[in-house]
Amino acid sequence: MKKMNRLKISVIFMSLLLVFSGCASMSKTGKGAAIGGGSGAALGAILGGVIGKGKGAAIGAAVGTAVGAGAGALIGKKMDKAAAEAEQIEGAQVEQITDNNGLQAVKVTFDSGILFDTGNSSLGSAAKASLSKFANNVLNQNPDMDVTIYGYTDNQGWKNSTAEQSQQKNLNLSQERAQSVSSYLLGCGVASSQIKAVEGKGESDPVASNDTAEGRKQNRRVEVYIYASEQMIQDAQAASSN
């Protein structure tokens, strides 16, 4: 069993090495071609788990087959543009990741210091301004991209609550915050069919230590994932075959 685990690790390592050594001198669009090409969806899920810190393998249209290099390049180009647009929005932290099809995707993180008051799920005026730009300049400009929204909290307890009760309240609060973001984006004209999932994650998956005020601030966040829809993939495959 140990030998098998070592073998799996070696295979993953070699696959990553091959992809990233080949991508070192590529543009991001070129990387989209490499990731979306011959390695297929299985390697894409592995890369998603590494690059997307566990989320990449959880997002992506259920196409069921590996996406070709040509389609990957076309999608990568569009994702580069969407990421550049998102980077212009105040308070948005933008990362390039991969989805479970091995295609480029975009992760946008808004921390709760920008979006919410402590213990609250109501959006402030600054948050609304940022989300309005995000909706109009990114999502509404790319209606063929799907969206998943995750909400998170720190691990701070609630007054007069047990640890278990606090965890549940934090889970509920994270769901309310994710829903607030989703509802506001919909109010800005984003199609309901574009938003595929809205989920609260509570205290799970901290990105920083909860032992410091700065770390807790980073953990109180909403993450928005933008990735190729099934229709976008089909269109890219059709275009790349012509």
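**Figure 1. Asn-160 sits in the loop between strand 3 and helix 7.** In this predicted model, Asn-160 has a phi near 60°, a positive value in a residue other than glycine. Is Asn-160 buried or exposed? With a relative accessible area of 75%, Asn-160 is exposed. Gly-157 is found in the loop between strand 3 and helix 7 as well. At 57% relative accessibility, Gly-157 counts as exposed too. Look also for Lys-169: its C-alpha lies 8.8 Å from that of Gly-157, while 12 residues separate the two in sequence.

**Figure 2. Asp-205 belongs to the loop between strand 4 and helix 8 (213-219).** Here is another residue other than glycine with a positive phi, this time near 55°. How much of Asp-205 can be reached? Its relative accessible area is 39%, so Asp-205 is described as partly exposed.

**Figure 3. Helix 7 is a run of 25 residues.** Which residues of helix 7 are buried? They are Ser-166, Asn-170, Leu-173, Ser-174, Arg-177, Ala-178, Ser-180, Val-181, Ser-182 and Leu-185. As you follow that list, keep a general rule in mind: an α-helix has 3.6 residues a turn, so residues three or four places apart point the same way. The buried residues of helix 7 pack against helix 5 (112-115), helix 6, strand 3, strand 4 (195-200) and strand 5. After the helix comes Gly-189, with a positive phi near 100°.

**Figure 4. The largest nonpolar core brings together 39 residues.** Which of its residues have the most contacts inside it? They are Leu-115, Phe-134, Ile-149 and Leu-185. Two or more residues come from each of helix 4 (69-87), strand 2 (104-111), helix 6 (125-139), strand 3 (145-151), helix 7 (163-187), strand 5 (221-228) and helix 9 (230-241). A second, separate core has seven residues, including Ile-59, Ile-97, Ala-105 and Tyr-225. The general pattern behind such views is that nonpolar side chains tend to be buried together in soluble globular proteins.

**Figure 5. Phe-134 and Phe-110 form one of the two aromatic pairs in the structure.** Their ring centres are 5.6 Å apart and their planes meet at 75°, so this pair is edge-to-face. Phe-110 comes from strand 2 and Phe-134 from helix 6, so the pair ties together parts that are 24 residues apart in sequence. Phe-110 is buried, with a relative accessible area of 0%, and Phe-134 is likewise buried at 0%. Setting aside residues up to four places away in sequence, Phe-134 touches Ala-86, Ile-89, Val-108, Phe-110, Leu-139, Leu-185, Val-224 and Ile-226.

**Figure 6. Tyr-150 and Tyr-225 form an edge-to-face pair.** The ring centres lie 5.7 Å apart, with the planes at 70°. Which strands does the pair connect? Tyr-150 lies in strand 3 and Tyr-225 in strand 5, so the pair ties together parts that are 75 residues apart in sequence. Both of these tyrosines are buried. A further tyrosine to find is Tyr-152: Arg-221 lies over the face of its ring, at 3.8 Å from the ring centre.

**Figure 7. Val-106 lies in strand 2.** At 0% relative accessibility, Val-106 counts as buried. Which residues are in contact with Val-106, leaving aside its neighbours within four places in sequence? They are Met-79, Ala-83, Val-94, Glu-95, Gln-96, Ile-97, Val-224, Tyr-225 and Ile-226. Glu-95 is 11 residues away from Val-106 in sequence, and their C-alpha atoms are 5.9 Å apart.

**Figure 8. Stepping back, the chain has nine helices and five strands.** Starting from the N terminus, you can trace these elements in the order α-α-α-α-β-β-α-α-β-α-β-α-β-α. Of the chain's 242 residues, 42% count as buried. Among contacts between residues at least 6 apart in sequence, 76% join residues at least 24 apart. The accessible surface comes to about 11800 Å², and 52% of it belongs to carbon and sulfur atoms.

Technical notes. Residues numbered from 1 in each chain as written. Predicted model: local features only at pLDDT ≥ 70, side-chain atom pairs only at ≥ 80, totals over all residues. Heavy atoms only, no water. Core = buried A, V, L, I, M, F, W, Y, C linked by side-chain atoms within 4.5 Å. Buried < 20%, exposed > 50% of the residue type's maximum accessible area, 1.4 Å probe, protein only. Helix = DSSP H or I, 4+ residues; strand = E, 2+ residues; numbered from the N terminus. Contact = heavy atoms within 4.5 Å. Phe/Tyr/Trp six-rings, centres within 6.5 Å; stacked < 30°, edge-to-face > 60°. Lys NZ or Arg CZ within 6 Å of the ring centre and 35° of its normal. Expected span 1.5 Å × (residues − 1). Areas by Shrake-Rupley, 256 points an atom, 1.4 Å probe, with all protein chains shown as cover.
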